[in-house]
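Subject: Structure handover

Hello,

Here is the structure for you to take over. Please look through it first; my notes follow below.

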Amino acid sequence: MAAAVPVAEGKGENEEETPQQSTSLVVAVGKWYDRQLTARPLAANACTAAFIAACSNAVAQGLQKKFNLREMLGFALQAAPPLNHFWLELLEHRFGPGRIMLKTVLDQLFMRPFLLLYGFLANGLLSGRSWRQVKQHTRQNIVQVLITSWKVWLLISL
């Protein structure tokens, strides 16, 4: 006598996912993410920043009607240095909740130049440029990018 084989329950060929099933998936992912933020805040924040950076780079490449996986991954990697996590924790610990303008100004004046330098160097080296090319490109562009960054982020935080 053959053993009965359990039939997996699930969607049949003509069944579609209901809004309730979609919502429960979103809720489950949200709960999992919250657990990761609690258990592994540094890793969760770094992965989140890398994911957002990769998505933004993919959109930018799409607008240019091109796609370069190496560029996207390099952008994601350089956008998520763990040092920023500790810097933001320090600002929050030192100044507490609120005082957003002060923390933004301090971030832009002290951390942003360092992160832009890191970004220029990491992106240049990950894209295969020589050290000399990376230094030249950084020297030519970093000040203008920093000034533009200040214009955007300081205005947004007002």
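This is a predicted model: local features need pLDDT of at least 70, side-chain atom pairs count only at pLDDT 80 or more; totals for chains, interfaces and linings use all residues.

Overall numbers

The chain has 158 residues, and 22% of them count as buried. Its exposed surface comes to about 12,000 Å². Carbon and sulfur atoms supply 65% of that area. Now for contacts at a separation of 6 or more: 51% of these join residues 24 or more positions apart.

The H3 and H5 pair

Helix H3 covers residues 69-78, and helix H5 covers residues 100-126. How do their axes meet? They come within 9 Å of each other and cross at roughly 150°. An angle over 145 degrees counts as roughly antiparallel, so H3 and H5 are roughly antiparallel to each other. Their crossing is right-handed.

Which residues make the contact? H3 brings Arg70, Gly74, Leu77 and Gln78. H5 brings Tyr118, Gly119, Ala122, Asn123 and Leu126. By class, the residues of this contact divide into four nonpolar, four polar and one charged.

Take lysine 65. Its phi is near 55°, a positive value in a residue other than glycine. Where does lysine 65 sit? It lies in the loop between helix H2 (41-63) and H3. Is lysine 65 buried or exposed? Its relative accessible area is 76%. The cut-off for exposed is over 50%, so lysine 65 is exposed.

Then there is arginine 99. Here phi is near 50°, again a positive value in a residue other than glycine. Arginine 99 is found in the loop between helix H4 (82-95) and H5. Its relative accessible area is 51%, so arginine 99 also counts as exposed.

To recap for your files:

- Helix pair: H3 and H5, roughly antiparallel, with a right-handed crossing.
- Positive phi: lysine 65, near 55°, and arginine 99, near 50°.
- Loops: lysine 65 between H2 and H3, arginine 99 between H4 and H5.

Over to you.

Best regards

Key
Residues are numbered from 1 along each chain as its sequence is written. Side-chain values use heavy atoms; hydrogens and water are left out. Buried means under 20% relative accessible area, exposed over 50%, partly exposed in between (1.4 Å probe, protein chains only). Contact means heavy atoms within 4.5 Å. Accessible areas come from the Shrake-Rupley method with a 1.4 Å probe; for residues, only the protein chains shown count as cover. Axes are lines fitted to C-alpha atoms, for helices over the stretch in contact, and angles run from 0 to 180 degrees between N-to-C directions. Helices (H or I, at least four residues) and strands (E, at least two) are DSSP runs, numbered from the N terminus. Angles under 35 degrees count as roughly parallel, over 145 as roughly antiparallel, 65 to 115 as roughly perpendicular and the rest as oblique. A crossing is left-handed if the near helix is turned anticlockwise from the far one by less than a right angle, and right-handed if clockwise. Ala, Val, Leu, Ile, Met, Phe, Trp, Tyr, Cys and Pro count as nonpolar, Asp, Glu, Lys and Arg as charged, and the others, Gly among them, as polar.
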